[in-house]
Amino acid sequence: MSITRLADLSDAVACPLVVLKVGSALLVGKDGTPRREWLASLAADIAAVRARGQRVIVVSSGAIALGAARLDIGKGGRGNLADAQAAAAVGQIALAGLWANALQVEGLEAAQLLVTLDDLEERRRYLNAAATFGRLLAAGAVPVVNENDSVATEEIRFGDNDRLAARVAQAADANAVILLSDVDGLLDRDPADPKARLVPIINEIGPELRSAAANTSNSEVGTGGMVSKLEAADIAQRAGIALAIVNGEHQAPVSRAISNDTGSLFLPLRNEDAKRSWLGGRLQLSGTLTVDEGCVVALRDGASLLATGIIEAEGTFQRGDVVAVRDGLGQIAKGLVEYSSEECEQIMGRKTSEQSKLLGYVPRSAVIHRDHLVLL
């Protein structure tokens with residue numbers, strides 16, 4: 001049974017495992033104090049989900065906002081990286097306590113997981129995270145995940161928990177992601193336009209919707225706007241996971257949104273195998289290979305990426321790294337490269353018969369094999 005409407009998110013057969021993302025602005029007031037009554041209603045929602053036979057993973061923001069208030073750091077702790085890291089170090093303890101207490105009232109046990117971008121980008125660590133999720137869920141716990149902002153730098157950050165939620169859903173093999181937002185869902189145009197209407201079901205994200213998302217402002221205490229939610233939807237859809245954006249500002253927001261059928265649901269586009277799903281969701285890329293038009297056609301027909309079709313190599317990468325593949329307009333694929341950046345520069349545009357002399361060894365069958373390539 002597949003997920004085709006919001007009501008299916010409460011069906012234990014269609015959706016046995018759901019990832020629920022909670023933003024800072026919902027969990028923490030503008031004064032830096034937790035919204036305990038609201039959190040209690042959400043915990044009751046989670047308990048209801050569990051009572052239906054579904055499992056839940058929570059991805060929760062809020063550590064920086066909570067820590068900034070306790071340390072009296074200005075700008076909500078986001079004035080600079082050092083402030084954010086210090087605020088997060090204090091706030092993570094407070095955030096874990098909030099969730100543990102709220103869930104214990106409902107007879108549920110919380111488990112804290114702090115992750116960085118590398119934990120879900122590097123293949124072995126990704127698999128370790130997946131195993132941890134599986135064991136915690138089997139034991140009956142509710143994993144509460146947050147980015148480890150106390151050690152993450154700008155270069156190794158997700159930057160928002162929307163994309164983190166989608167990657168966690170991939171790792172845990174979830175069926176759906178629910179992003180709690182400050183709006184009812186995705187609108188079909190600029191929210192300032194009085195003709196703007198909620199889009200209830202989205203199969204594929206077109207340029208019009210991306211434009212509308214770009215005009216939606218971010219909250220004062222969070223980092224994710226509607227653009228980041230579309231990026232999360234891209235990751236989820238590729239992995240065969242449904243993603244919903246619903247209004248989280250009300251009490252018991254999950255049950256309210258589902259019972260009222262109010263929100264935007266992104267339907268899965270495909271269900272790739274585990275490795276391709278991981279590749280397609282990669283956010284950290286080591287370089288870029290630009291290819292010609294003939295190569296683009298061949299790739300879309302299922303071919304591997306050959307050196308003859310490459311016209312430019314950018315970045316510094318080694319064999320086994322994940323790189324982007326682009327044409328003249330933008331990124332079209334991601335894949336595991338078989339050569340270093342230096343070797344790619346040597347052989348790009350060259351036929352196989354010429355590559356042995358340039359490399360000093362028999363060339364491999366492809367720069368990126370089709371089994372290690374994901375089209376976007």
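How many bridges join strand E9 to E11, and do the two run parallel or antiparallel? Three bridges join strand E9 (residues 287–291) to E11, and the two strands run parallel. The model described here is predicted.

- Strand E11 spans residues 322–326, and four of its five residues are buried, so E11 is largely enclosed by the rest of the structure.
- On the E12 side, Ala-324 stands opposite Lys-334.
- E11 and E12 make up a hairpin, with four residues between them.
- In a regular strand, side chains alternate between the two faces of the sheet.

**Helices H3 and H4**

- Two packed helices are described by the angle between their axes and by the distance between those axes.
- Helix H3 covers residues 63–71 and helix H4 covers residues 81–105; they pack at an angle of about 105°, and their axes are 6 Å apart.
- Angles of 65 to 115 degrees count as roughly perpendicular, so H3 is roughly perpendicular to H4.
- On the H3 side, the residues that meet H4 are Ala-63, Ile-64, Leu-66, Gly-67, Ala-68, Arg-70 and Leu-71.
- On the H4 side, the residues in this contact include Ala-84, Ala-87, Val-90, Gly-91, Gln-92, Leu-95 and Leu-98.
- By class, the contact of H3 with H4 has 13 nonpolar, three polar and one charged residues.

Methods
Residues are numbered from 1 along each chain as its sequence is written. This is a predicted model: local features need pLDDT of at least 70, side-chain atom pairs count only at pLDDT 80 or more; totals for chains, interfaces and linings use all residues. Side-chain values use heavy atoms; hydrogens and water are left out. Axes are lines fitted to C-alpha atoms, for helices over the stretch in contact, and angles run from 0 to 180 degrees between N-to-C directions. Angles under 35 degrees count as roughly parallel, over 145 as roughly antiparallel, 65 to 115 as roughly perpendicular and the rest as oblique. Contact means heavy atoms within 4.5 Å. Ala, Val, Leu, Ile, Met, Phe, Trp, Tyr, Cys and Pro count as nonpolar, Asp, Glu, Lys and Arg as charged, and the others, Gly among them, as polar. Buried means under 20% relative accessible area, exposed over 50%, partly exposed in between (1.4 Å probe, protein chains only). Two strands pair if DSSP finds at least two bridges between them.
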